[in-house]
Every structure is written in C-alpha cells, then in structure tokens.
Amino acid sequence: MDLNSLNAKFKKVAGGASTVFNRAVQFTEEKLGTAEKTELDAHFENLMQRSDKTKFWTETLLKQTDALLQPNPNQRMEDLLYEKLDKKKKDRTTQYEVLGHAMVDAGNEFGPGTSYGNALVKCGQAQIQIGNAERDFVTSTANNFLQPLSNFLEGDMKTILKEKKILETKRLDLDACKSRLRKAKSQSSQNQAETDLRVAQSEFDRQSEITKILLEGISSTHAHHLRCLNDFIEAQMTFFAQCQQYMSDLQRQLGSFAKESSEKNYPAGGGPSPSNNNTSSSGSLPAPLHPSAPPSIEVTAPTPTEKRQAKALYDYDAADSSELSLLADELIMVYKVQGLDPDWLMAERGSQRGKVPVTYLKVLE
C-alpha cells in the first residue's frame with residue numbers, strides 16, 4: 001500500500017472519529033442545557049409520538065393475545081424457540097380434547113347402553129367438538145391477527161426505528177455545525193463552518209422527509225390492524241357461538257337422560273317407594289339412581305324415514321340380536337323408527353339391520 005492511500009485511509013478514520021466525537025459533545029451539552037437543539041415542528045413530533053405508541057401497544061397486544069391462546073408459559077417459550085429455529089410448531093392436543101377422550105373412554109367402559117355411560121360419551125364428544133373449535137379459533141387468530149402485527153414489528157417498525165436513529169444523528173451533526181459557526185473566530189473557519197452547515201442542513205432535511213413519509217404510513221398500518229382486529233373478533237364470536245351450541249345440545253340430551261332415569265326409577269303417579277328411599281335421618285342425599293339400558297324394540301320390518309348415510313366413529317359390539325355391530329370409519333345407512341329411543345338409530349348394512357347408539361355415529365349431509 002503506498003503512502004497516499006495510507007494517508008487517505010487515516011484521514012477517513014480520523015474524520016469518522018471526529019464526527020462521532022462531535023455528536024457526543026453536542027448530545028452532552030444539550031443534556032446539560034449549554035447547547036441549542038433543533039426542534040422538529042409540532043406535526044412531526046405528533047407523528048413521532050404516535051409511532052412510539054403504536055410500537056408499544058402493538059407489542060403489548062401481541063404478547064397478551066399470545067398468552068390468551070397459550071396460557072402455559074413453558075409451551076409459549078417452546079413455540080418461540082421453534083419459531084426462531086424456523087421449525088414447525090408441535091400440533092398439541094387441546095385440554096378440551098384430552099378431557100373429551102377421557103370421558104368417551106370412560107363411557108365406553110361403563111357401556112354406551114347405560115344412561116351414565118351414554119351421558120359420558122356425549123359429554124366427551126361435546127368436549128372434543130369444543131377442542132376442535134378452539135383449535136380453529138387459535139389458528140385463525142394466529143394467521144389473521146398475530147402474524148400481521150408481528151410482521152409490522154419485524155418489518156415496517158424496524159425500518160422506522162432505523163430511519164429515526166439516522167435522523168437523530170443528522171440533527172446532532174447539524175447542531176454541532178451551528179455551534180462551530182457561532183464559535184468560529186477567523187474568516188476561513190467561518191467559511192468552512194458555513195459550508196459544513198449547508199451540507200448538514202441538506203442531509204438533515206432529506207432525512208427528515210424520508211422519516212416523515214414512513215411515519216405518515218402508520219395511518220395505513222392502523223387501518224390494516226383494524227381489519228385484523230375485526231377478523232379476531234369474528235373468529236372469537238364463531239368460537240363462542242359453537243361452544244354455546246354444543247353445550248345447549250348437550251344440556252338437552254343430559255336433561256332427557258335425567259328425566260328418563262327418573263321415570264324408570266319412580267313410576268308415574270307416585271314418588272319413590274320406601275325401599276328406594278336412601279335418604280338418612282341426617283339429611284344426606286339419596287343414593288345415585290341405577291342406570292338402565294335403552295329399551296329393546298322390535299326391529300322387524302320397520303318403516304324407514306329420512307334414510308341418511310352415516311360414518312361409524314368407533315367400533316361397537318352389538319349387545320344382542322336387535323343391535324348392529326359397527327367398525328370404525330365404515331359407512332352405513334341410518335334412519336329413525338317410531339318408538340325408538342332418541343339416543344338410538346336404526347341402521348342398515350346390506351341385508352343386515354339393527355339399532356345402533358347415536359354417539360357412535362356421525363350422520364353425513
């Protein structure tokens with residue numbers, strides 16, 4: 001490397017160090033109140049404040065919504081790690097689904113033909129439906145609300161912060177040039193200071209315009225986030241409406257179970273007989289009613305009404321000749337029969353025919 005190149009490189013490094021030093025001095029004197037500071041106009045200051053508020057509240061909304069969707073902090077940290085490593089998040093089973101499957105297994109163990117077993121299966125299936133609805137809600141919210149907010153923070157907001165930082169350095173350079181011009185003694189130093197001031201003013205004005213354009217774009221960001229917020233509320237409304245529907249249906253079904261059990265244990269026209277009254281003198285509750293199997297029906301030559309195709313959700317072993325065994329995922333034809341318990345449907349598979357529990361079926365459209 002020749003001497004001229006070495007000198008040029010040294011001057012460049014020295015100039016850079018001098019600029020950084022001048023900025024530090026200007027910043028310190030401003031904090032001490034011994035140096036003037038170029039103030040931005042009121043509109044620009046409002047844009048800057050709105051940008052800061054947007055960043056703060058977007059981060060807050062992102063954090064709190066994420067906590068709503070995944071209350072477990074350990075799993076949130078695990079999901080964040082997967083995201084940083086660009087790996088697919090684990091497809092976790094919701095707590096509703098865990099409870100639902102436990103209820104279904106318990107109901108099958110007690111026997112879907114009993115009132116208690118049938119009720120457990122129906123409750124479990126309702127919990128699974130809520131779990132599936134919750135999964136859809138979480139997915140919709142993540143895609144239509146969290147992702148756009150995260151993209152804004154990682155994209156546009158980072159660009160704004162970068163340009164605001166550059167603007168601050170340009171302002172410090174401008175004010176440092178103004179200070180040097182005021183302190184200049186000789187004509188030559190004044191001329192150099194004026195030249196430096198014009199350059200600094202030009203760079204500051206240019207950077208101000210760039211930053212202002214970016215800050216004004218926050219308005220369109222708010223409009224976009226408003227649409228995302230509407231998507232979030234609609235997804236939440238859909239989730240709550242589905243839960244309400246599932247619970248209303250389940251409540252009606254459980255109410256029919258309780259009525260049916262009461263009628264079978266306490267015949268019409270009379271209360272519980274002394275032999276069935278288990279209430280003690282201390283006021284304890286009566287013993288639970290014994291569940292009973294659905295009444296048997298005549299399956300010969302039923303009159304079919306509204307035949308529809310159904311899919312078996314689980315394997316089912318027929319308890320007697322009036323029932324039809326099922327294999328999971330098989331397709332059969334089902335229909336209602338007058339006088340048949342509402343928790344059962346008549347089913348046909350080719351020439352075979354028999355009743356099957358509704359809880360084991362998914363009736364297709």
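**Figure 1. Contacts of V356.** Setting aside residues up to four places away in sequence, V356 touches L324, L326, D343, W344, L345, A347 and L361. Contact here means heavy atoms within 4.5 Å. The model is a predicted one: local features need pLDDT of at least 70, side-chain atom pairs count only at pLDDT 80 or more, and totals for chains, interfaces and linings use all residues. Residues are numbered from 1 along each chain as its sequence is written, and side-chain values use heavy atoms, with hydrogens and water left out.

Figure 2. The largest nonpolar core has 17 residues. L326, I332, V334, A347, V356 and L361 touch the most other members. Strands β1, β2 and β3 each supply at least two residues of this core. The most come from β3, which gives four. A nonpolar core is a set of buried Ala, Val, Leu, Ile, Met, Phe, Trp, Tyr and Cys residues joined through side-chain atoms within 4.5 Å. Buried means under 20% relative accessible area, exposed over 50%, and partly exposed in between (1.4 Å probe, protein chains only). In soluble globular proteins, nonpolar side chains tend to be buried together.

Figure 3. Strand β3 covers residues 344-349 and strand β4 covers residues 352-357. The two run antiparallel and are joined by six bridges. Strands pair if DSSP finds at least two bridges between them. Strands (E, at least two residues) and helices (H or I, at least four) are DSSP runs, numbered from the N terminus.

**Figure 4. Strand β3 and its other partner.** β3 also pairs with β2 through three bridges, and these strands run antiparallel. M333 stands opposite E348 in β3. Five of the six residues of β3 are buried, so the strand is largely enclosed by the rest of the structure.

**Figure 5. Aromatic pairs.** The structure holds nine aromatic pairs. Y314 and Y360 have ring centres 5.6 Å apart and planes at 85 degrees, so this pair is edge-to-face. Y314 lies in the loop between β1 (305-312) and β2 (331-336), and Y360 in the loop between β4 and β5 (361-363), so the pair ties together parts 46 residues apart in sequence. Y314 is partly exposed, at 25% relative accessibility. Y360 is buried, at 4%. Y316 and W344 form an edge-to-face pair too, at 6.5 Å centre to centre and 70 degrees between the planes. This pair links distant parts of the chain: Y316 in the loop between β1 and β2, and W344 in strand β3, 28 residues apart. Y316 is buried, with a relative accessible area of 7%. W344 is buried as well, at 3%. Rings of Phe, Tyr and Trp (its six-membered ring) pair if their centres lie within 6.5 Å; planes under 30 degrees apart count as stacked, over 60 as edge-to-face and the rest as tilted.

Figure 6. The charged end of K355 sits over the ring of W344, 4.9 Å from its centre. That label requires NZ of Lys or CZ of Arg within 6 Å of the ring centre and within 35 degrees of the ring normal. Elsewhere, F137, F145, F232, F239 and F240 form one aromatic cluster.

**Figure 7. L364 after β5.** L364 is in the segment after β5. It counts as partly exposed, at 25% relative accessibility. The C-alpha atoms of L364 and A310 are separated by 5.2 Å, though the residues are 54 apart along the chain. Leaving aside neighbours within four places in sequence, L364 is in contact with R308, Q309, A310, K311 and L331.

**Figure 8. Confidence along the chain.** pLDDT is the predictor's confidence in each residue, from 0 to 100. The protein has a mean pLDDT of 81, and 76% of its residues reach 70 or more. Confidence is highest in helix α2 (residues 42-69), at a mean of 95, and lowest in helix α1 (residues 3-32), at 64. Over residues 266-302, pLDDT stays under 50. Where pLDDT is low, the predicted coordinates should not be read in detail.
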